[in-house]
Amino acid sequence: MSSHRKSYGQRAADHSNPAAQLLLHTIERKKSNLAVSVDLTKTSDFLKVIDVVGPYVCLIKTHIDILEDFTPDVIERLKLLSAKHDFVVFEDRKFADIGNTVALQYSSGVHKIASWSHITNAHPVPGPSVITGLASVGLPLGRGLLLLAQMSTEGSLATGSYTDDAVRMARAHREFVIGFIAQRRMDHVGTSPSSLPDGVEDFIILTPGVSLEMSGDSMGQQYRTPEKVILENGCDVIIVGRGIYGKGTGDALDVGCVALQAEKYRTEGWNAYLKRIGSTGPTS
Ligand code: 5BU
């Protein structure tokens, strides 16, 4: 059976990488394929939104470098929230340098990403050394990597043969590369049914650029609905940012509204998945 017709729980067994297993089991346990991208610049807003959306998500995606009042204590509190609400953490760092440099950026500096983020990501542009550099730090810690095979932005250069080469790079490093940031499944790349038997590979596809209300922003972002992403394009996790918390920060942050939005996206994403695997009885 093709992996996108299997349940998340069944797919966990196909992975030996601990971060991939954790993500798939968390999705199944919480019946949520919703990831929230918490792109807020004040620690208090950042932690508040995570605490509010925590019950509804499988994963929290961070850009830790945009916090203007970052201290190492933020990480301790993020870890506590991750344990409290049972979610995976993904630092959207988009590494893109030589192996030696990305290994230092991943392990060191102020943020010490590898020490707390279950999953991170990298641009394939430097070639396979970006994976081996990151793997030298992340594999011993049980971390997982996503390659950016496509982007959601208008005019993205990550298309065609670039995307296909990203998939080939991932196939050569399946112990560490657990999937892609992409807009659709990648199973078709460079394979014929006979060269790639069912079950041989199962990359997890996480997809940003998701909104129920908006079609884009003023800076090139392009949005699609959860149903389009999960059902039509066979992706596994929807990543939603402003669709859930709007532009609200500080006093303007309406936590009741944020919770309602998170619940709505969780339901939309999960029902689209149930349709995809042919299960009846959507959750309301
Ligand atoms: P939004 O508020 O839902 O538009 O936020 C989307 C997030 O996903 C944001 O953190 C981006 O950095 C991230 N993102 C994206 O939007 N599109 C991409 O192709 C990639 C990441 Br890769």
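I take buried to mean under 20% relative accessible area. By that cut-off E201 is buried, since its relative accessible area is 9%. I note at the outset that this is a predicted model.

**Entry: the R171 pair.** I looked up the partner of E201 and found R171; their side chains form a salt bridge at 2.7 Å, N to O. R171 belongs to helix α7 (residues 160-171), while E201 sits in the loop between β6 (177-181) and β7 (204-207), so the pair links distant parts of the chain, 30 residues apart. R171 counts as partly exposed, at 22% relative accessibility.

**Entry: overall form.** I counted 10 helices and 8 strands in the protein. For 284 residues a compact globule would have a radius of gyration near 19 Å, and the 18 Å I find for the protein agrees with that. The C-alpha trace spans about 55 × 50 × 35 Å along the principal axes. Of the 284 residues, 55% are buried. Among contacts with a separation of 6 or more, 74% come from residues 24 or more positions apart. The protein exposes about 11900 Å², with carbon and sulfur atoms supplying 54% of it.

**Entry: helix α4.** I checked the length of α4 (residues 72-85). Its 14 residues should span 20 Å at 1.5 Å a residue, and the end C-alpha atoms are 21 Å apart, which agrees. Which residues of α4 are buried? I list V74, I75, L78, L81, S82 and H85. They lie on the same side of α4, because their arc around the axis is only 125 degrees. Their cover includes α2 (18-30), α3 (43-53), β2 (59-62) and β3 (88-95). On the face turned away from the buried side I find the exposed residues P72, L80, A83 and K84.

R77 is partly exposed at 42%, and D73 is partly exposed at 40%.

**Entry: D86.** Just after α4, D86 takes a positive phi of about 65 degrees. Its side chain meets that of R29 in a salt bridge, 2.9 Å from N to O. D86 is in the loop between α4 and β3 and R29 is in helix α2, so the pair ties together parts 57 residues apart in sequence. Both are partly exposed: D86 has a relative accessible area of 26%, and R29 has 48%.

**Entry: salt bridges overall.** The count comes to 19. I also noted a network of salt bridges linking R11, R185, D187, D202, D236 and R276.

Conventions:
Residues are numbered from 1 along each chain as its sequence is written. This is a predicted model: local features need pLDDT of at least 70, side-chain atom pairs count only at pLDDT 80 or more; totals for chains, interfaces and linings use all residues. Side-chain values use heavy atoms; hydrogens and water are left out. Helices (H or I, at least four residues) and strands (E, at least two) are DSSP runs, numbered from the N terminus. The expected span of a helix is 1.5 Å times one less than its number of residues. Buried means under 20% relative accessible area, exposed over 50%, partly exposed in between (1.4 Å probe, protein chains only). The arc is that of the directions from the helix axis to the C-beta atoms. Contact means heavy atoms within 4.5 Å. The radius of gyration is taken over C-alpha atoms; the globule rule is 2.2 Å times the number of residues to the power 0.38. Accessible areas come from the Shrake-Rupley method with a 1.4 Å probe; for residues, only the protein chains shown count as cover. A salt bridge is a side-chain nitrogen of Lys or Arg within 4 Å of a carboxyl oxygen of Asp or Glu.
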